[in-house]
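Welcome, and thanks for stopping by. Here is a short briefing to read alongside the structure.

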Amino acid sequence: MNIQEYADRDMLAIDVANQLAGDLETALLHHDTAALAVAGGTTPGPVFDSLCAADLEWDRVHVLPTDERCVPQDHDRSNARLIQERLLVSRAATARFLPLYVPAAEPEKVLPEIEAMLAPELPISVLVLGMGEDMHTASLFPGMPGLMAALDHDAPPLAVARPETQPEARITLTAPVLDGAVSKHLVIYGTAKRDAVERAMSLPPEDAPIAAVLGGTTVHWAE
């Protein structure tokens, strides 16, 4: 794990966007397409605002969320909505979006369909993660049912998460898929999250799921 500190959040957003663009350009030099997996929530929005203007062959970039709430794409809590509104605009509008949510009475029933779509994209070329103060990442939450299976080295690419602290079920990339990304970035703000990620280094992933993906990850931090 390498921690890069920034004077403010604006500088972080610009620099991270530049690094991601460079990582994607490198991936496209060696492959026909590049898979970019990104976190939802408010943290990555400013990064997306800069990244979307990067001079890349965006029509060769496939974008997917690291996790998704089981809500329609136009819902306020949809990660797909944030990605569509903040990243897949400007030059990046030609990128292909791969949704993790497919409407179904039980999300488990559509996992095979989504995993079939996801399989050609692995390993992920570039990964952008966020983290909560509870040290969850994607939708891998401490103490949630099924966490150990989602952390296992032999876990399938996707899992359904039903954390008791959240109002809806979620579909999430599992730890081996996240950790297997070629280029990994974690964006965090504030002292509490800086302390949390440093604490996670000495904890097992079942207590601090972010610990499962910190190896080789660049952590970008600003107050």
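Strand S4 and strand S8 (residues 170-173) pair in the antiparallel sense over 3 bridges; two strands count as paired if DSSP finds at least two bridges between them. Helices (H or I, at least four residues) and strands (E, at least two) are DSSP runs, numbered from the N terminus. This is a predicted model, in which local features need pLDDT of at least 70, side-chain atom pairs count only at pLDDT 80 or more, and totals for chains, interfaces and linings use all residues. Residues are numbered from 1 along each chain as its sequence is written, and side-chain values use heavy atoms, with hydrogens and water left out.

**The three-strand sheet**

- Arg 69 has Arg 170 of S8 as its bridge partner.
- An open sheet of 3 strands, with antiparallel pairing, has the order S4-S8-S7.
- Strand S4 (67-69) and strand S7 (158-161) are the edge strands, each with a single partner strand, so one side of each is left without a neighbour in the sheet.
- From one strand to the next, the twist averages 20°; axes are lines fitted to C-alpha atoms, for helices over the stretch in contact, and angles run from 0 to 180 degrees between N-to-C directions.
- Helix H4 (residues 111-118) packs on this sheet and touches S7 and S8, with its direction at about 140° to that of S7; contact means heavy atoms within 4.5 Å.

**Leu 118 in helix H4**

- Leu 118 lies in helix H4.
- With a relative accessible area of 1%, Leu 118 is buried; buried means under 20% relative accessible area, exposed over 50%, and partly exposed in between (1.4 Å probe, protein chains only).
- Leaving aside neighbours within four places in sequence, Leu 118 is in contact with Leu 64, Pro 157, Leu 158 and Leu 173.
- Between Leu 118 and Ser 78 there are 40 residues in sequence and 19 Å in space, C-alpha to C-alpha.

**The seven-strand sheet**

- An open sheet of 7 strands runs in the order S1-S10-S9-S6-S2-S3-S5, with parallel pairing.
- At its edges stand S1 and S5, each with a single partner strand, so one side of each is left without a neighbour in the sheet.
- S9 and S10 run parallel and are joined by 5 bridges, and His 185 has Thr 218 of S10 as its bridge partner.
- Helix H1 packs on this sheet, touching S1, S2, S3, S6, S9 and S10, and its direction makes about 170° with that of S9.
- S2 and S3 also run parallel, joined by 5 bridges, and Ala 35 has His 62 of S3 as its bridge partner.
- In S3, 5 of the 5 residues are buried, so the strand is largely enclosed by the rest of the structure.
- Val 61, Val 63 and Pro 65 point one way from S3, while His 62 and Leu 64 point the other way.

**Helix H1**

- The 22 residues of H1 (residues 9-30) should span 32 Å at 1.5 Å a residue, and the end C-alpha atoms are 32 Å apart, which agrees; the expected span is 1.5 Å times one less than the number of residues.
- Buried residues of H1 are Leu 12, Ala 13, Val 16, Ala 17, Leu 20, Ala 21, Leu 24, Ala 27 and Leu 28.
- Seen down the axis of H1, these buried residues fall within an arc of 160°, so they line one face of the helix; the arc is that of the directions from the helix axis to the C-beta atoms.
- Asn 18, Leu 29 and His 30 are exposed residues on the face of H1 turned away from its buried side.
- At the start of H1, a side-chain oxygen of Asp 8 comes to within 3.1 Å of the backbone nitrogen of Asp 10.

- Helix H3 (residues 79-86) has Asn 79, Ala 80, Leu 82 and Ile 83 as its buried residues.
- Down the axis of H3, its buried residues fall within an arc of 160°, so they line one face of the helix.
- The buried residues of H3 pack against S2, H2, S3, S4 and strand S5 (96-97).
- In H7, the buried residues are Lys 193, Arg 194, Ala 196, Val 197 and Ala 200.
- The buried residues of H7 pack against strand S1 (2-5), S9 and S10.

Terms used: Polar contact = N/O pair within 3.5 Å; in protein donor to acceptor, adjacent residues only side chain to side chain.
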